[in-house]
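Let's take a walk through a protein model together. Please look at the sequence and the structure below, and keep them in view as you read.

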Amino acid sequence: MHDVFEGGVRPPIHLTETESDLVGNLALQAEHKQPVVAAMLLTEIERAEIHRDDRLPDGVVTLGAEVDFVDENSRRLQTVKLVMPGEANISIGQISILTPMGAALYGLSVGHSIDWPDRSGRPRRIRILAVRKPVSN
């Protein structure tokens, strides 16, 4: 079953147990300062298929992943790394999970599109082209 959002259908998303707990707690802590993004993240976590950490399907956007995506409205291709707020640095392509774009990307898989509001509230359709997982130490 697909959820309808902003006139479109939201694709399925996949998260790990550990990361969904971490991001859920982060969203709860951010509710007073960033209520819209916190609500977006909590809604996405609620509808996500949760996997054991070692069972996440390939091609899913997680924290630390580098993501190639296209803004289908502007046709602009972008590559970003999804990070925790303290690591965010847009000048080097690192975006926080506590931004509208970070929340939109989180848990999506290669080939999926989602309609998501940008910082000004205008809907954008983004489509995931590639996901490169963080390298484990």
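R75 counts as exposed, because its relative accessibility is 60% (buried means under 20% relative accessible area, exposed over 50%, and partly exposed in between, with a 1.4 Å probe and protein chains only). You can find R75 in the loop between β5 (66–71) and β6 (76–83). R75 also has a positive phi of about 65°, although it is not a glycine.

A word on how to read all this: the model is predicted, so local features need pLDDT of at least 70 and side-chain atom pairs count only at pLDDT 80 or more, while totals for chains, interfaces and linings use all residues. Residues are numbered from 1 along each chain as its sequence is written, and side-chain values use heavy atoms, with hydrogens and water left out.

Now step back to the whole protein chain. It has three helices and nine strands (DSSP runs numbered from the N terminus: H or I of at least four residues for helices, E of at least two for strands). Starting at the N terminus, their order is β-β-β-α-α-β-β-β-β-α-β-β. The radius of gyration, taken over C-alpha atoms, is 14 Å, close to the 14 Å that the globule rule gives for 137 residues, so the chain is as compact as a globular protein of that length. That rule is 2.2 Å times the number of residues to the power 0.38. Of the 137 residues, 50% are buried.

What does L108 look like in comparison: buried or exposed? L108 is buried, with a relative accessible area of 0%, even though its place is in a loop, the one between α3 (100–105) and β8 (113–117). L108 touches P11, I13, G59, V60, V61, I114 and I128, leaving out residues up to four places away in sequence; here a contact means heavy atoms within 4.5 Å.

In soluble globular proteins, nonpolar side chains tend to be buried together. The largest nonpolar core here has 33 residues, and those with the most contacts inside it are L41, F69, I97, L105 and I128. Such a core is a set of buried Ala, Val, Leu, Ile, Met, Phe, Trp, Tyr and Cys residues joined through side-chain atoms within 4.5 Å. Elements that each supply at least two residues of this core include α1 (17–30), α2 (35–47) and β9 (123–132). α2 gives the most, with five residues. Beyond its neighbours within four places in sequence, I97 is in contact with residues including V23, L41, L63 and Y106.
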